[in-house]
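Work through the exercises below with the model open beside you. Try each task before reading its solution.

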Amino acid sequence: MIHERADAARNRRRILIAARALFAQRGVDKVTMDQIAAAAGVGKGTLFRRFGDKSGLAAALLDDGERELRARVAEGAAPLGPGGDPAARLLAFFDAYLTFLTDHLDLVHLAETARPGTRYRIAAYRFWHAHVASLLTAARAAGDQDALAHVLLAGVAADLQRAVRAEVTAAGMRASVLHVVDSVVNAQVSAPNPVESAVEAEPERPLPSPGSVVALTPGTTDRGASLWVQEG
């Protein structure tokens with residue numbers, strides 16, 4: 001195990017505290033990396049080496065909340081956690097994720113849109129996609145469950161949720177997303193024919209463990225958000 005030096009850990013805490021305070025005071029879009037470095041009392045080089053860019057900071061600030069939600073999904077109580085009906089778990093997940101997204105919309109938007117396609121490469125999205133596809137499979141949803149999981153998750157993209165918030169309330173978007181999820185599950189499950197009736201529902205696919213999915217990539221200029229799937 002690699003242990004972080006005490007001074008590096010201290011600088012990291014100072015940077016995250018400063019960034020969180022500035023984002024709350026001025027808004028994520030209006031804060032610069034120079035301002036964060038000055039508020040944290042560290043050099044700009046230290047800030048950029050540690051986080052790469054502002055999207056890396058956003059990902060680090062989101063990490064605790066995402067880990068907590070992943071743990072609830074993987075190990076928590078039903079209906080969000082294991083053991084419940086797959087359709088109920090699917091609705092519980094989207095409901096819980098929408099709460100997380102509403103609370104951190106601008107940060108999630110920054111982390112997901114750093115560069116084209118960033119959203120689909122970050123570890124959090126890969127975990128959510130695996131979870132949704134697994135529940136669709138367990139619920140015996142017809143068609144390509146992996147593709148359908150992408151379609152359902154498109155409804156909770158931060159870019160979409162942020163773009164329409166001036167014309168649609170957060171409550172309205174939540175109700176619409178949950179309605180679509182419920183409709184998809186119910187529409188895809190049809191009465192079994194005599195052959196199908198003897199086939200049990202497919203088991204859920206195993207998810208990656210919450211602690212093994214995320215790695216913080218060292219600061220680079222081309223990584224976008226800093227949460228990536230570990231390889232190997």
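Predicted model: local features only at pLDDT ≥ 70, side-chain atom pairs only at ≥ 80, totals over all residues.

Residues are numbered from 1 along each chain as its sequence is written, and side-chain values use heavy atoms, leaving out hydrogens and water.

**Exercise 1.** List the elements of the protein chain in order.

*Solution.* Start with the DSSP runs: helices are H or I, at least four residues, and strands are E, at least two, numbered from the N terminus. The protein chain has 10 helices and two strands. Now read from the N terminus: α-α-α-α-α-α-α-α-α-α-β-β.

**Exercise 2.** Find which residues of H1 and H2 meet.

*Solution.* Take H1 at residues 6-26 and H2 at residues 33-40. Contact means heavy atoms within 4.5 Å. On the H1 side are Arg-14, Ile-15, Ala-18, Ala-19, Leu-22, Phe-23 and Arg-26. On the H2 side are Gln-35, Ile-36, Ala-39 and Ala-40. By class, the contact of H1 with H2 holds eight nonpolar, one polar and two charged residues.

**Exercise 3.** Trace what Ile-36 touches.

*Solution.* Leave out residues up to four places away in sequence. Next, turn to the largest nonpolar core, which has 58 residues. Ile-36 and Phe-94 have the most contacts inside this core. Helix H5 (residues 86-103) gives the most to the core, with nine residues.

Note on methods:
Core = buried A, V, L, I, M, F, W, Y, C linked by side-chain atoms within 4.5 Å. Buried < 20%, exposed > 50% of the residue type's maximum accessible area, 1.4 Å probe, protein only. Axes fitted to C-alpha atoms, helices over the stretch in contact; angles between N-to-C directions. Nonpolar A, V, L, I, M, F, W, Y, C, P; charged D, E, K, R; others polar.
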